[in-house]
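Dear colleague,

Please find the structure below for your review.

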Amino acid sequence: MAELTQPSMVFNDVTSVSQVDTESGADPRICLVGSLADEVETLEAAKKFNVPIVTSETGLEYVSDLSYCTYFILADFESDEFEELNKAGARLLGKPALLKYSETGVLMYTRRPVFCHVMKDIIIVFTGFRKKTEVAKYKLKVFQNLRIVLEGFPDEEKIQMEDLVQNNGGILTTLDDQQATHVVLEDQTVTEKPADCPPRAHVVKAEWFWTSIQMEACPDEKLHLFEETNISNIMSPRQMFSSPNTPGSRSRRRKRLRETVQHLAQDDSPSTLPSAPPASKRRSSVGDLAFLSADGSLLDDTVSTPNRLAGRCYTELDGGDQTPLSPPLVDLRQLSARQRVFHELVKTECNYVSILDAVEKVIKLPLENTSQPGGPMLDAQELRYIFGNVPPIHEVHTRMRNDLLHLAHNWTDDASIGEIILKYSTDLEKAYPPFINFFENMKEMLQKISMERPRFHAFLKIAQNKPECGRQSLQELMIRPVQRLPSMSLLINDILKHTEKTTPDHAALEQALDKIKSVMTFINDDKRKTEAKFKLFEIHNDIEMCPPNLVASHRMYMSKVDVTELSDCCSGRGDTLTLFLFNDVLEICKKKSKYNSIKSPSRANLHNFKTIKTYKHLEMMNLAHIKRIVDIRETEDCHNVFALVIRSNQELKERLFTFTLIQDDTTKSNFLKTLCRTVANIACRNDVENFLVSMDPHLLDIETSDVSLTNALSKALRFATRTGRKVSRAFSFNKSPSKLKRAVSTVMSPFGTLPQQSSMRGATSVNNLADLSLSGTPPTGGFAQPMATPTSRRRPLKHV
């Protein structure tokens, strides 16, 4: 290695240092590596920065010298010197980059080695490729070669983030790693930057991580830098209350505490707290405390911030009047009980609409943007399935909020609250059922997509951290419509309690409360009907050879039981059946055996395996054909047995179906009551008890003692039959490969082949290995040819 160590050859005559990136705080220095020390052009360019210049064959001896901030200039980025310096974390520049920087005299450095600036600020568009995967395979991964530290995250979320780091080319490391490039902190729980952060690492918030996943590219770290927050001064007790050592401090503290709690409970600006110092002298404010709900959400009172919204945002009503989009400034102590509850109703309605606004503007609209970076995260069908039922609810509650706000700002003692609720009750009844009916399915789909698509999950994480969403996830926001009507019902009931019966609004409130309750009842009934329809489709798809007319608009699923047949009318004595009870028919199915259901992997792919049906259709019985339901009394040998007397209009005599109930979640008495009630509804009769009779087993000649044995024997025989066929096929020489035939022929005739081709055919057609021992005993001195010249095939011995 060569170094310009003589003073005349080291450029230390620095009079002024140019603008240089020196994060370490040390003086800058340039090291010319390899052949660049002999190039005049490179040396002249380095002199323009007015910093010390040294030369070296490899540059490794200057890496550990922390007295200077050294910039290593290399001619070849594929050399061993480059690899060693890059592993050591040195600042690497190429000759073209040095020449470019010398034009301005400003030496800049980025985290990645810079060879030249030929393609700097150039936008490249790839087009003409039919498949994006042809280009995507050359795309750099999001966290390629970045060394990332994750701090302050919950265990479950941290595991997910670690998987994303590794899947996107990053390297997980710890704070002890001095080569770490990024320290990602959970800014909701971490308030101070770790003291042992690597000096060269970017300390960023979690938003940087999720934005990188969503964009599939790392954003500028300067936009997401972590900022320390001092929360010790927020709502400090010493600032809010006087010192306990002052005379009469206890009574004054109690009085101020009572006044403070009263102010915090109402909508007045928290800056007007009686014990609060002047705003100019306060380092922190408790203003945000009034916006927090009991669960820490920023949603419950966001629209009730008078300093932010009052007098600024207005809505125009049908009559042309303009009303502020926030409740009026009031002193709750001066309001009547009726007006206080109404004020709570207005405030919660404004909060609810603000939640729907956040779902619409922060989440739904960006997802519908087809030109978003990286392409759409959800297709049109998925967007419609998740958000399609929200706009009608959003619209009706926005109009209701506007009317309630208008009444709140123009309050009179004879104001009618009930008329406003009645005005929108019909719209509520139309808007809510579609959302409630598919809420569980929507939630499951949302969770599934979030787990399968990292970009979508990252988008939801970013939206969750926005103030409009109040740090709540989309799942938490979407459950608010499910909770709104019950909350309205309670508030209207409280208003009714504080309303005089002589006022006109009392009757209107009663009608409004009844209407809201009827809407909730209608929603619940409609939800049950929708779930029953889904169950009907599931049952139909799970039954082999199921009649198509089982799926009908009027048909509703009621119950299901597993039974064992004691008669021979359906499938056979001892068979396991399943009875699906609907409002007009009884579907009788046979449970398919697991041996018949599971196909060979070579003959059925994964898709076919998933579509294997559980049941096989036997009979779909009209409930009108059930003439009597017989409850068989319990005896020592007869348990959970019941019978059905069936006769259709085309039949000349009755049929008796006898079953024993297999114990599960449904008891025999409950199932028979449901069946009797359903049959009575079909017959339009109110004497439900006349359909059910109780009888002793011997009157119907019912015997259950041998059912289990018969069932076990029949299953064993069927299994043995199938197994025997499989064994026969396995040992059948007619279906064996030719190599196996020759091998068996050699064993059977080691001294030569059979003289006649017909004899060989006779040998290879042997199906019973026991027949081979009937051809004679081989001589003692060697092997004989037991089937060399067979004349006829001997019959197997008969067992006496």
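**Findings**

Lys673 is located in helix α21 (residues 668-682); helices are DSSP runs of H or I with at least four residues, numbered from the N terminus. The model is predicted, with local features requiring pLDDT of at least 70 and side-chain atom pairs pLDDT 80 or more, while totals for chains, interfaces and linings use all residues. Residues are numbered from 1 along each chain as its sequence is written, and side-chain values use heavy atoms, without hydrogens and water.

Lys673 is exposed, at a relative accessible area of 53% (exposed means over 50%, with a 1.4 Å probe and protein chains only). Between Lys673 and Phe691, 18 residues apart in sequence, the C-alpha to C-alpha distance is 9.8 Å.

Helices α12 (residues 390-409) and α13 (residues 417-437) pack with axes 8 Å apart, at an angle of about 170 degrees (axes are lines fitted to C-alpha atoms over the stretch in contact, and angles run from 0 to 180 degrees between N-to-C directions). The two helices, α12 and α13, are therefore roughly antiparallel, a term for angles over 145 degrees. Residues of α12 including Val396, Met400 and Leu404 meet a set in α13 that includes Ile421, Tyr424 and Leu428, where contact means heavy atoms within 4.5 Å. The residues of this contact comprise 15 nonpolar, one polar and four charged (Ala, Val, Leu, Ile, Met, Phe, Trp, Tyr, Cys and Pro count as nonpolar, Asp, Glu, Lys and Arg as charged, and the others, Gly among them, as polar).

Yours sincerely

Terms used:
Buried < 20%, exposed > 50% of the residue type's maximum accessible area, 1.4 Å probe, protein only. Parallel < 35°, antiparallel > 145°, perpendicular 65-115°, else oblique.
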